[in-house]
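Please open the model in a viewer and keep the selection panel at hand.

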Amino acid sequence: MWAYEKKLQYPVCIKSKDLKMAQLLLTQYGGPSGELSASLQYMTQRYSMPTAQTKALLTDIATEEMGHIEMIATMVHQIFSNATFAEIKAAGLDKYYVLHGKGLFYSDPNGYNWTADYISCKGDAVVDLTRDMAAEEEARISYEYLINQTNDQSIIDPLVFLREREIVHYQRFGEALVKVRDMPNCKFYM
Ligand SMILES: [Fe+2]
């Protein structure tokens, strides 16, 4: 059960009509290493984690990733809201528009829809936590690439915040992996 707090984890206030950037931001919405993938992957892996601590960690991070989905959605929504249809067409987003209008949909900038094939659950804590660490690094570098695409500080600031959270998550998963592989009967090969 979740309690919803009606406040973004980090404030988003974009005044520009940078539709190219809105399109690129979809990478972290419905893309393979986006926030939806991270959240749903951790949420389902938690059930086969070996300790209450690791279950709690995955649930906590999955929940925070939901908050990050909300931030990315707000960023894209604000940019879409500021734009006219002519501007949307000029930015090459007319195909997205005829499918979804100015609504948010879980697809990537190339128009590929989100799929569960992007995520993994092997039911083995070493495998899953290793995968989660890679997922966080993929998300971190994706934010790095997105930050490099714009000079708009109102877009950069939330992206920097999100990038920092991926680093924290990577570290937390790393600590959990060390604890899991030190458990008796854990199969871990170096
Ligand atoms: Fe994360």
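Select A22, L25, Y29, I72, M75, V76 and I79 to begin: these have the most contacts inside the largest nonpolar core, which has 41 residues. A nonpolar core here is a set of buried Ala, Val, Leu, Ile, Met, Phe, Trp, Tyr and Cys residues joined through C-beta atoms within 7 Å. A residue is buried if 20 or more other C-beta atoms lie within 10 Å of its own, exposed if 12 or fewer, and partly exposed in between, with C-beta atoms placed from the backbone. Next, colour α1 (19–25), α3 (35–45), α4 (52–82), α7 (125–147) and α8 (153–181), each of which supplies at least two residues of this core. The largest share, 11 residues, comes from α4. Helices are DSSP runs (H or I, at least four residues), numbered from the N terminus.

The model is predicted: local features need pLDDT of at least 70 and side-chain atom pairs count only at pLDDT 80 or more, while totals for chains, interfaces and linings use all residues. Residues are numbered from 1 along each chain as its sequence is written.

Now centre on V76. Leaving aside neighbours within four places in sequence, V76 is in contact (C-beta atoms, placed from the backbone, within 7 Å) with A22, L25, L26, Y29 and L104.

Turn next to α7 and α8, which pack at an angle of about 165° with their axes 9 Å apart. Axes are lines fitted to C-alpha atoms, for helices over the stretch in contact, and angles run from 0 to 180 degrees between N-to-C directions. The two helices are therefore roughly antiparallel (an angle over 145 degrees).

Finally, select A134 in helix α7. A134 counts as partly exposed because it has 14 C-beta neighbours inside 10 Å.

Note on methods: Contact = placed C-beta atoms within 7 Å. Parallel < 35°, antiparallel > 145°, perpendicular 65-115°, else oblique.
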